Structure formats: structure tokens, C-alpha cells
Amino acid sequence: MTSDISIRREDGVVVVTPAGEMDAVTSPALAGVLDGLLSEDPPQSVVVDLAKVAFCDSRCIGVLVAAYRQARDLGVGLVVAEPQQQVNRLFVIAGIDQVIPIMASTGAAVDALRP
């Protein structure tokens, strides 16, 4: 189980795009990326684009919730975008959709968070 994570800046918004499976083995890498972004010189907004994530477990959810809380405390907007159907279903079952804003597309998320 592997995951790759890319980071890009789009109109002042940082877009973090993990790809693959986000589980107990790969989620710490996502946590490190998000923590790094939010620790150094935090951006105004972060979009976590999950379009390429085929699987997400409870560890991934924990990483996203922790990053959301850290971002909120810093005044940084953080949303999740484009979760695949299986991942979105998990978010709904776990109630994550009631905590973290989930956008249907990365473009819409970037537009909503653009400074």
C-alpha cells in the first residue's frame, strides 16, 4: 500500500493531493505534509484533494480532523475536495462531513477559498 503526495499553489490556495491508499502506513506522510504547511508560514487556505485516493481508513480521518482543527485555530481555511464515492461514504458514516467542509470539486474549493 503506497501513497504519493503532491503540493501546488493555485491562486493563493495550497492544494495537497495524496494519491493511492491512505491507511495506517501512509497517513503519517499526509500528517507530516499538512503539519509542515500549517507550522512554518501557514497559507491562508488549504484544499486536500482526495480525487486520487481510492481508500481511506480511520487513521486518515484522524489526520484530516487534526489538520482541520489546527488550521481552524490558526485562522486558515481547510476543506476536503473530490473524495471518491467509497471515501465519501466513510466520511458520512463517521460524521466527518459535519466537521470538515467537503467540496464536490477542487476547482470549486479553490474558488471558495481564494483570497
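User: In this predicted model, which residues is Asp-57 in contact with, leaving aside its neighbours within four places in sequence?

Analyst: Asp-57 is found in the loop between strand S4 (52-56) and helix H2 (58-74), and, with those neighbours left aside, Asp-57 is in contact with Met-22, Asp-23, Ala-24, Ser-27 and Leu-90.

User: What makes up the largest nonpolar core, and which residues have the most contacts inside it?

Analyst: This core has 27 residues, and those with the most contacts inside it are Leu-34, Val-46, Leu-50, Leu-64, Phe-91 and Ile-100. Several elements each supply at least two residues, among them strand S2 (13-22), helix H1 (27-39) and helix H3 (85-94), while the largest share, eight residues, comes from H2. As for Leu-50, not counting residues up to four places away in sequence, it touches residues including Pro-18, Leu-64, Val-80, Val-87 and Phe-91.

User: Why are the buried residues of helix H4 said to lie on the same side of H4?

Analyst: The buried residues of helix H4 (residues 106-113) are Thr-106, Ala-109, Val-110 and Leu-113. They cover an arc of only 100 degrees around the axis, and therefore they are placed on the same side of H4.

Conventions: Residues numbered from 1 in each chain as written. Predicted model: local features only at pLDDT ≥ 70, side-chain atom pairs only at ≥ 80, totals over all residues. Heavy atoms only, no water. Helix = DSSP H or I, 4+ residues; strand = E, 2+ residues; numbered from the N terminus. Contact = heavy atoms within 4.5 Å. Core = buried A, V, L, I, M, F, W, Y, C linked by side-chain atoms within 4.5 Å. Buried < 20%, exposed > 50% of the residue type's maximum accessible area, 1.4 Å probe, protein only. Arc of directions from axis to C-beta.
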